[in-house]
Amino acid sequence: MTALIETIGVSKAYGSFIALDGVSLSVASGELLSIVGPNGAGKTTLVNVLTGLLKPTSGAVRFKGEDIAGIGPVALAKRGMARAFQLVHIFPAMTVAQTIGVAVVSQASRSLRLFASVATDAALRSRVREVAGIFGLDTKLDTESRLLSQGEKKLLDIASAFALIPQVILLDEPTSGVSSGDKHGIMRTLMDAAKHAGVQAIILVEHDMNLVAEYSTRIVALKEGKVLADLPPTQFFNDPHIVAAVVGKLVGKVSQRAA
Amino acid sequence: MTSFFDILLGGVFHAAVLFLVAAGLQLVFGVQKIVNLACGSFYALGAYFGITSVNWALAAGLPPWMFLPVLIVSGIVLGAIGPAIEALLRTIYARDEAFQLLLTFALVLMFQDVLRFFWGPNPQQLSNLVTEYGRLSIGTFSVSTYNLLVIAASILIAVGIGAFLQRTRFGRILRATAENREMSQALGVNVRWMYTSVFTLGTILGTVGGALVVPTAAASLDMPVELVVEAFAVVVIGGLGSMRGALVGALIVGLMRAAAITFYAELEILAIYLVVIIVLIARPAGLFGKPIE
Amino acid sequence: MSATGLSAEAANGKQLGASRLRRHTALLVIVMAALIVLALFPSFAQPYYVTLVLPAFAYAIALLGFNLLFGYTGLLSFGHALFVALGAYGAAVLTSKLGIKSFELILLASGLAAVVVAIPVGLLAVRYVRIFFGILTLAFGMLFHSFLFKFYNITGGDTGIRVLRPALFGNEFSDLDKTAFLIGPFYYYCLVLLVALGFVMWRIVHSPFGLHLTAIRENSRKAEYLGVRVRMFRLAAFLISAFYCAVGGVILAINTGQADPETAYWTHSGELVFMTVLGGFANFFGPLVGAFVFIFLKSELMSLTQYWRFFLGVTLALIVILFPRGVMGVAQDLWSKVKKKQ
């Protein structure tokens with residue numbers, strides 16, 4: 001399987017502090033890769049390298065075979081990768097429809113059209129409605145983002161990323177701050193949306209090991225900047241050393257689920 | 001050679017006065033994150049009031065050579081307007097910077113006519129009191145003693161501010177509040193009182209600066225809007241929020257002005273702004289400022 | 001971007017971006033009514049008041065451009081008087097020094113000159129945001145002012161350069177005296193110009209480009225992740241605003257017959273912001289309303305007292321503290337109160 005996105009021996013050093021040390025991983029089409037690890041393990045740095053925000057000190061990061069080191073968010077979106085953040089990012093005064101519209105306009109490369117009307121663009125509106133529908137936001141199309149609930153804001157953030165029709169989407173703790181009942185709901189919506197939007201691979205950064213166990217096709221554990229494990233869930237959770245290193249107390253509960 | 005030295009000293013003198021105003025700007029920006037367009041208005045107010053105070057003092061029988069202390073005191077006394085203005089600005093602290101800038105612009109407009117109301121439309125000056133202090137002869141050079149005194153006063157104030165910020169408890173709290181307002185508040189700092197004091201101090205620096213300049217220049221209604229231009233050049237070159245930046249920026253602007261007047265009068269303010277632009281290209285945050293965004 | 005930033009102010013207005021047909025109809029009616037009043041104005045109003053409307057037209061056009069940068073893209077420039085001055089001096093140089101009288105050519109040339117100047121200024125300025133952008137643009141404005149002032153051989157120094165009467169579509173209307181020309185054919189030309197440029201700006205603001213600009217204002221980081229080319233679009237908004245300001249400057253200069261360096265002074269830039277906020281920056285029509293209200297307010301104050309600057313300052317302070325969304329904001333609030341009662 002050819003890798004859709006991969007890092008090859010990526011290291012990132014800040015002076016004498018080594019955030020990432022020789023991290024190699026690859027994600028192929030159809031995979032949902034979860035990146036786990038304790039705080040400070042280098043997850044954020046890895047994600048920033050994967051999404052072209054940071055140039056690695058050494059090693060390569062490639063998307064569809066092309067080098068994407070430090071290309072920045074705009075170029076990244078153009079190439080087909082989207083990212084949603086842990087902390088919710090919205091456009092406070094813009095409605096749900098407008099927010100998703102921004103992404104649709106980018107995706108359709110229509111941003112340079114100075115005189116076309118957004119309001120009468122039927123194709124744009126139907127696409128916006130479609131994406132909003134997938135995430136259950138179609139009843140709130142004209143609501144301003146700042147008036148949405150925290151959960152809805154999160155969904156909007158992710159929905160706008162999906163509207164870019166990315167081939168790979170990177171989700172940074174998409175269920176954080178969400179009640180455990182809603183977590184599975186969000187994950188299922190995400191999987192649905194991914195299928196609908198033609199997303200080929202998902203990279204997830206998650207702390208909730210139950211979710212990781214249930215939805216991942218593969219799990220990469222980071223510790224102190226190094227890859228500790230790169231295994232499918234069953235093997236991952238059957239190894240008590242790995243689980244202990246990453247999770248600690250939840251060992252018993254989680255391995256039961258994965259088995 | 002004497003004239004060269006005179007011009008040089010004139011440049012440093014101008015820098016000394018600019019530093020005072022810029023220091024006031026930096027203090028207020030550092031703590032309250034407000035850029036005060038009315039800094040020039042305070043400066044002009046200090047100038048006009050300084051003239052009035054000295055004339056009044058002289059009429060009351062004060063010996064002419066005491067005009068310098070009178071100027072300084074009159075500048076400090078004007079600090080009384082600080083709390084009132086800060087109270088006005090306080091109404092929009094939580095709002096976008098654009099509005100804060102606009103409110104200070106409203107102050108500029110208002111002050112323009114306040115000055116006109118009290119002192120009329122014509123420029124005013126102190127009648128040649130500079131000569132009271134005569135000139136100092138250093139070898140073959142002769143320089144105006146008044147300029148030297150003001151430069152010395154400015155250096156003293158600069159050192160004083162530095163010591164105040166670094167060594168006193170209030171200074172440390174001030175710097176902490178500048179870094180992190182919420183935390184300061186959480187730690188029990190009376191941020192309100194701090195804001196009032198800092199703004200008043202900033203105001204005084206501006207008014208004293210204006211007062212000190214009147215023996216050598218006329219006070220006019222153009223002062224408020226003209227000074228803003230140079231003061232902003234200073235803080236942009238030096239870096240917003242930095243005291244060291246205010247010092248270095250003021251020196252650069254003051255000396256450039258002196259050089260431009262000597263060699264190519266047309267270029268005077270153009271030269272200053274060219275330097276501003278060059279500095280910004282090379283170091284976007286100014287020479288000593290913190291990186292932006 | 002802080003939650004209490006411009007977006008919060010704008011959000012209370014809810015007017016940016018997509019509009020509904022119902023709102024559109026009411027709006028259209030009001031706009032048509034205003035246009036009719038303006039078109040008939042010279043026939044029923046005193047010439048003095050008619051001559052006031054010309055600078056109002058000029059500033060209305062300038063502010064349409066200015067607000068694209070400020071209200072829609074979130075960048076506050078304190079140096080846009082630079083472009084107004086470029087327009088004024090463009091008109092002056094073309095008519096007095098180069099003998100070019102075609103108003104159309106003057107508008108185009110001055111507008112393009114402004115865009116050309118705006119490119120390097122904008123390229124440097126859009127690297128910064130918020131207060132730094134404001135200070136930098138103030139610096140550039142003053143740089144131009146000092147250039148105008150100091151190089152008096154070219155620019156006429158503090159007296160400036162005369163602006164001669166242009167030809168409107170080739171016709172100089174030489175049978176009309178200055179006032180008759182200004183309140184007659186020139187007035188109508190400028191009204192049509194305002195409508196045309198207003199329409200263009202309306203389309204720009206409601207286009208995909210406009211949507212991306214608003215995204216940049218709301219959260220430029222997130223906008224980047226959604227593929228919005230932040231710096232390029234900020235520059236584009238800067239260039240368009242420069243063009244509009246230059247057009248306004250041309251009209252101002254022809255109206256007064258003189259291009260003078262004070263047009264480029266930073267306080268004039270401040271007045272541009274004043275007018276925009278007075279009318280309401282969060283509303284498309286705000287700047288237009290602001291231009292008219294400001295011109296008439298200033299004129300009335302000047303006739304009442306010599307301390308008119310003070311009262312203008314007080315007005316600005318009141319707007320900033322109590323009515324940040326300006327006249328249009330107040331109008332919208334009243335409108336929603338009326339609708340609630342129904």
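**Entry: a bridge in chain A.** I started with I5(A) and looked up its bridge partner in β2(A), which turns out to be V27(A). I keep in mind that this is a predicted model. Widening the view, I found eight bridges joining β1(A), residues 3–14, to β2(A), with the two strands running antiparallel.

**Entry: the sheet around it.** Next I traced the strand order in chain A and got β2-β1-β4-β5, an open sheet of four strands with antiparallel pairing. Which strands sit at the edges? I noted β2 (17–28) and β5 (66–67) of chain A, each pairing on one side only. Then I checked what packs on this sheet and found helix α1(A), residues 43–50, touching β1, β2 and β4 (58–63) of chain A. The direction of α1(A) makes about 125° with that of β1(A).

**Entry: confidence in chain A.** I looked up the pLDDT too: the mean for chain A is 84, and 94% of its residues reach 70 or more. Residues 249–259 of chain A deserve a flag from me, as the pLDDT there is below 50. Beyond near neighbours in sequence, I still count 19 contacts for this stretch in the model.

**Entry: a helix in chain C.** At 1.5 Å a residue, its 16 residues should span 22 Å, and I find the end C-alpha atoms 23 Å apart, so the two agree. Which residues of α15(C) are buried? My list reads G326(C), V327(C), M328(C), G329(C) and Q332(C). I then followed the buried residues of α15(C) to their packing partners, which are α12 (266–279), α13 (286–304) and α14 (308–322) of chain C.

Terms used. Residues numbered from 1 in each chain as written. Chains lettered and ligands numbered in written order. Predicted model: local features only at pLDDT ≥ 70, side-chain atom pairs only at ≥ 80, totals over all residues. Pairing = 2+ DSSP bridges. Contact = placed C-beta atoms within 7 Å. Axes fitted to C-alpha atoms, helices over the stretch in contact; angles between N-to-C directions. Expected span 1.5 Å × (residues − 1). Buried ≥ 20, exposed ≤ 12 C-beta atoms within 10 Å, placed from the backbone. pLDDT = per-residue confidence, 0-100.
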